[in-house]
Amino acid sequence: MAYARAAGRAFLGWILNQPPYRAFHDWLGRGDALAASRAALDAGDRKGAAEALPDAVVDELWVHGSPEECRAHIARYLHPGVTAVELHITPTPELDAAPGALPEVLAALRTGPGRN
C-alpha cells in the first residue's frame, strides 16, 4: 500500500491543484482536505503538495489493492449514463519485474458482463 500511495500522491498532488480539478473537488466538498496541498503547490512546493494529501483522499481517488479491491473501487464509477471508464495503469515494482504479467493483471481488473 505504501508504494501505491506514494505513486498516487505524486500524480494527485499535481492534478488536484489544477484549476478545473480544484473547482471540481471544491464542489465535491474536498476543499478543506486539500487546503494544505494547495498551499504547498501555490508556494511552489510540488513535493510538499503531494506529501500534504491525506491518506483518505489518496485512497478515495487512487485505485490500488488486490484485484478484488480494485474491481470494487472501479465499479463505484459505473453509474447510469457512464459509458466508459479510462484507467491509467501506473507501473509497479511487480510489473517492472515481470512486464509480461500486464495482460493477466488487466484481466483480473475486468468488471461486468463478459468477465472471465
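Guide: Ser-37 is found in helix 3, residues 31-42. A quick note on the ground rules: this is a predicted model, where local features need pLDDT of at least 70 and side-chain atom pairs count only at pLDDT 80 or more, while totals for chains, interfaces and linings use all residues. Residues are numbered from 1 along each chain as its sequence is written, and side-chain values use heavy atoms, with hydrogens and water left out.

Visitor: Why is Ser-37 called buried?

Guide: Buried means under 20% relative accessible area, exposed means over 50%, and partly exposed is in between, using a 1.4 Å probe and protein chains only. Ser-37 has a relative accessible area of 1%, so it counts as buried.

Visitor: What makes the link between the side chains of Ser-37 and Asn-17 a polar contact?

Guide: A polar contact is a pair of N or O atoms within 3.5 Å; within protein, one must be able to donate a hydrogen and the other to accept it, and residues adjacent in sequence count only if both atoms are side-chain atoms. The contact joining the Ser-37 and Asn-17 side chains is 3.1 Å. Ser-37 also has a side-chain polar atom 2.7 Å from the backbone oxygen of Ala-49.

Visitor: Which residues is Ser-37 in contact with, leaving aside neighbours within four places in sequence?

Guide: Contact means heavy atoms within 4.5 Å. By that rule, Ser-37 is in contact with Gly-13, Asn-17, Ala-49, Ala-52 and Leu-53.

Visitor: And His-25, how do you know that it is buried?

Guide: Its relative accessible area is 5%, so His-25 gets the buried label. The residue sits in helix 2, residues 19-28. Not counting residues up to four places away in sequence, His-25 touches several others, including Leu-16, Leu-34 and Leu-61.

Visitor: How many aromatic pairs are there?

Guide: The count is two. Rings of Phe, Tyr and Trp (its six-membered ring) pair if their centres lie within 6.5 Å; planes under 30 degrees apart count as stacked, over 60 as edge-to-face and the rest as tilted.

Visitor: Why is the pair of Phe-11 and Trp-62 called tilted?

Guide: Their ring centres are 5.8 Å apart and their planes stand at 40°, so the pair is tilted. This pair links distant parts of the chain, with Phe-11 in helix 1 and Trp-62 in the loop between helix 5 and helix 6, 51 residues apart. Phe-11 is at 38% relative accessibility, so it is partly exposed, whereas Trp-62 is buried at 11%.

Visitor: What about Phe-24 and Trp-27, what makes that pair stacked?

Guide: The angle between their planes is 25°, and the rings are 5.9 Å apart centre to centre. Both residues lie in helix 2, three residues apart, about one turn of the helix. Trp-27 has a relative accessible area of 68%, so it is exposed, while Phe-24, at 40%, is partly exposed.

Visitor: Zooming out, how many helices and strands does the chain have?

Guide: Eight helices and zero strands. Those are DSSP runs (H or I of at least four residues for helices, E of at least two for strands), numbered from the N terminus. Buried residues make up 28% of the 116 residues in the chain. Among contacts between residues at least 6 apart in sequence, 52% join residues at least 24 apart.
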